Amino acid sequence: MANLRDHMGRPIVAVTGIGVVTSLGVGKADNWAALTSGKSGIHPITRFPVDHLNTRISGMVDFLDSSSKGASLLTYELAETAANEAVAESGLDSSDFGGPLFLASPPVELDWHDRFSLYNSDGQGAGAERLLRVARGLKETDTFATTQFGAIADRLADRFGTRGLPITLSTACASGATAIQLGVEAIRRGECDRALSIGADGSATAEALIRFSLLSALSTHNDIPEKASKPFSKDRDGFVLAEGSGALVLESLEAALARGASVLGILRGCGEKADDFHRTRSKPDGSPAIAAVRAALADAGLSKDEIDYVNAHGTSTPENDKMEHLSLSTVFGERFGSMPVSSNKSMIGHTLSAAGAVEAAFSLMTMRESVIPPTINYDNPDPAIVLDVVPNKKRNAEVGTVLSNSFGFGGQNTCLVMAREPV
Amino acid sequence: MSSPRDVVITGIGLVSSLGEGPDAHWQKLAQPGLQPVLEAARFAPYTVHPLPEIDWNLQIAKRGDQRQMETWQRLGTYAAGLALDDAGIKGNDELCTTMDMVVAAGGGERDEAVDAAILAASESRNDRDVLLNEKLTTELRPTLFLAQLSNLLAGNISIVHKVTGSSRTFMGEEGAGVAAVETAAARIRSGQSTHILVGGAFQTEHSDMLLGYELAGYLHRGPWKPVWQRQGAEGGGLVSGSGGAFLVLEQREHATSRGRKIYAELGPVVSGRARRSRGELDAEIAALLKQAALPNGKLLAMSGASGAHTATSAEKAALDANPAISARGFATLTGHMKEAQFPFAVALAALAVDRKAAYPVFDAATEKPFEGIPETVLATAIGYHQFEGMALVNTA
């Protein structure tokens, strides 16, 4: 009989369904095949003209029906597709899920195409005054829906029959991990037996790209797109903007076993710590990220020697990779040099609000498949960052536990600890 | 029966057109016949309740920090500072670094001048996507993105007030405020947290913030009316207001052990998602009222009703159906503050419990007086478009 409570007497949280979409494809099978063969999903931007742009590459998801229909519809389709895969795998009813929904998704704004179309449907007046006048004469509410922060979750709640008020959240680039953390916490509190946690981001619009570009956050290595994302390399020059989604069905281990579900992994622990140093930069001593990692280990009831592999945030920005190395080496000490640490973002880019969920999905698969996906484009190691990044080629390895890091603008640091077995 | 893990309210930070702070709000709202502060010209045909004059320096000491925020973030950071001050937490390193935070946020203000210039140019250009690239790459202020980003209100609270235990931002209009309070309370009750800063802010004096309502025709037009009296008037019934509300929620034991004043106890917080297109709203409101386990006897209700026709009439019908309830539609005096609406309702409920007195009617034509001491007050937020929530606030 498996132990159903963790080291703090809380219900153990199992994963019984996993879904994922990235620029590498739809679903776990395609993604895993690409990821373990070191294939990159980064490609030239075709969704909009790239005139005047310094960055002309991305990891956009260009193959869905909604790929050219704006951030709101694409984010919904990404979320729906990943969640559908996860719920189907769990064996639960995909139209009557019966647990709460936690959705990490990008902040919404009226799409420029809609703004143009509203504005140019009328010739009177100018600026905002004209937009407002046109708005109040609108006969449809589809445009309105794209401006409501709760609308995507509302639609998903209808689609999957989730229970109660769905929570839409943002912790910037840590959002996906926070969605999972909220699900874990709800199950541990005994509020529910199961939760659907989704991270989805289809917001790679021209304006989003320009905004990150103006903050000097993006790689401008446009010439060979698949080589642009190179975490932990000396010549890394920014992240690659990308889209994707990850979904997990979380369940109390007790409920999962009781209904005979396959347990795909365990969400052992979550940790977080906010940084008060700067809006985009981390405290120079790395203390908030260090605290988040330690909080996740403590929550999981594991010592630093019990983590087999780190799924790094590894964005390929000069700042992140340096700070992540500092934080991890501080926590793990001497052992760190020989610990595998790889970055999925070398292949899929930075899926922003989805990243934490996408990478949790890949972390769980790493344990199940006993294969660590590589960090590709590791041709020019940064001598200041001595790491076993699982360079360029996948590695077969028994992995029983994973630490997955997610850090974001606004001082967001969230870490997840996952395990293969319930213990 | 009080328990050490009760959730209690030990800090309140409020800003609205009526002023700032719990005392100022109480004094104003306790005056019978108080008239709202209205701005009817600037956004005509829409009326808004504007921000009062604020000396940002009082809560955001560094000018550099103020410059990194647009008004919405500044407003939220300011209101959060008021709540932290009120709870005796501000400046206390140990309490701030262990304090959790859940912020209900929408988005911040875009650059209206840049947008207007792009729209104007779009009239004579067919290559609008290229136009966008051309203008946005050259005319956007690089850090404006951060001043708009939803989770950067929380980020700024961390930077300015040093609240760093954890930081989560919920999005989704009134529902975000409901979920923020509900989740924060659940974390305290279960022992996952001892003290949490929770709240939100809304800055309506920006065309995009009005557009967010008006794309579905939700805004009231023409002469201003109290929130319950807008059915049949021109427009959609909602009058918005700028404001912010933050609460410090604390485990009772934690609050008493540091000798803090307790405003009130936060009882059940309930939430729901009616599928309104299927006509579920009336039943959902009734179900929430039942779930909240209203006490026997008369009950004061601080209603967050927005004025939006369908939602407001459904809420009014449900509250009117219970003769024990005396409702106060505070949006009559503050306007609708979107993500901040529910935290604001809870704050006003806590103030009434603390002052042992009900508010006078805000609308003599539709609201009925409440005599006696309110031991328990109901707070509601029925979303103008979606999501519903309620809480009971009890004597400490």
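This passage describes the two chains of a predicted model, their contact, and selected local features. Local features are reported at pLDDT of at least 70 and side-chain atom pairs only at pLDDT 80 or more, whereas totals for chains, interfaces and linings use all residues. Residues are numbered from 1 along each chain as its sequence is written, with chains lettered from A and ligands numbered from 1 in the order in which they are written.

Chain A has 13 helices and 15 strands, where helices (H or I, at least four residues) and strands (E, at least two) are DSSP runs numbered from the N terminus. Its C-alpha trace spans about 70 × 50 × 40 Å along the principal axes. Of the 423 residues, 65% count as buried. A residue is buried if 20 or more other C-beta atoms lie within 10 Å of its own, exposed if 12 or fewer, and partly exposed in between, with C-beta atoms placed from the backbone. Among contacts in chain A between residues at least 6 apart in sequence, 78% join residues at least 24 apart, a contact being a pair of residues whose C-beta atoms, placed from the backbone, lie within 7 Å.

Chain B contains 15 helices and 13 strands. Its radius of gyration, 21 Å, is close to the 21 Å given by the globule rule for 396 residues, so chain B is as compact as a globular protein of that length. The C-alpha atoms of chain B fill a box of roughly 70 × 55 × 40 Å along the principal axes. Buried residues make up 61% of the 396 in this chain. Of the contacts in chain B with a separation of 6 or more, 79% involve residues 24 or more positions apart.

The contact between the chains takes 62 residues from chain B and 63 residues from chain A. On the side of chain B, the elements that give two or more residues are α5, α6, α7 (144-148), α8 (152-161), β5 (168-171), α9 (173-189), α10 (207-214) and β9 (264-272). The largest share, 8 residues, comes from α6(B). This side of chain B divides into 25 nonpolar, 26 polar and 11 charged residues; Ala, Val, Leu, Ile, Met, Phe, Trp, Tyr, Cys and Pro count as nonpolar, Asp, Glu, Lys and Arg as charged, and the others, Gly among them, as polar.

Within chain B, the axes of helix α5 (residues 112-122) and helix α6 (residues 128-139) come within 10 Å and cross at roughly 150 degrees. Axes are lines fitted to C-alpha atoms, for helices over the stretch in contact, and angles run from 0 to 180 degrees between N-to-C directions. The crossing angle makes α5(B) roughly antiparallel to α6(B); angles under 35 degrees count as roughly parallel, over 145 as roughly antiparallel, 65 to 115 as roughly perpendicular and the rest as oblique. The contact joins V114(B), A117(B), I118(B), A121(B) and S122(B) of α5(B) with R128(B), L131(B), L132(B), K135(B) and E139(B) of α6(B). By class, 6 of these residues are nonpolar, 1 is polar and 3 are charged.

E174(B), G177(B), V178(B) and V181(B) of α9(B) meet Q341(B), F342(B), P343(B) and V346(B) of α15(B). The contact comprises 5 nonpolar, 2 polar and 1 charged residues.

Several backbone features were also examined. Most residues other than glycine have a negative phi, and most peptide bonds are trans. The peptide bond from A44(B) to P45(B) is cis, with omega near 10 degrees, and P45(B) lies in the loop between α1 (22-29) and β3 (48-49) of chain B. In chain A, S316(A) has a positive phi, near 85 degrees. S316(A) occupies the loop between β10 (309-311) and α11 (318-332) and is buried, with 27 other C-beta atoms within 10 Å. Phi of V390(A) is also positive, near 55 degrees. V390(A) lies in the loop between β12 (371-372) and β13 (395-396) of chain A and counts as buried, with 21 C-beta neighbours inside 10 Å.

Note on methods
Contact = placed C-beta atoms within 7 Å. Rg over C-alpha atoms; globule rule 2.2 N^0.38 Å.
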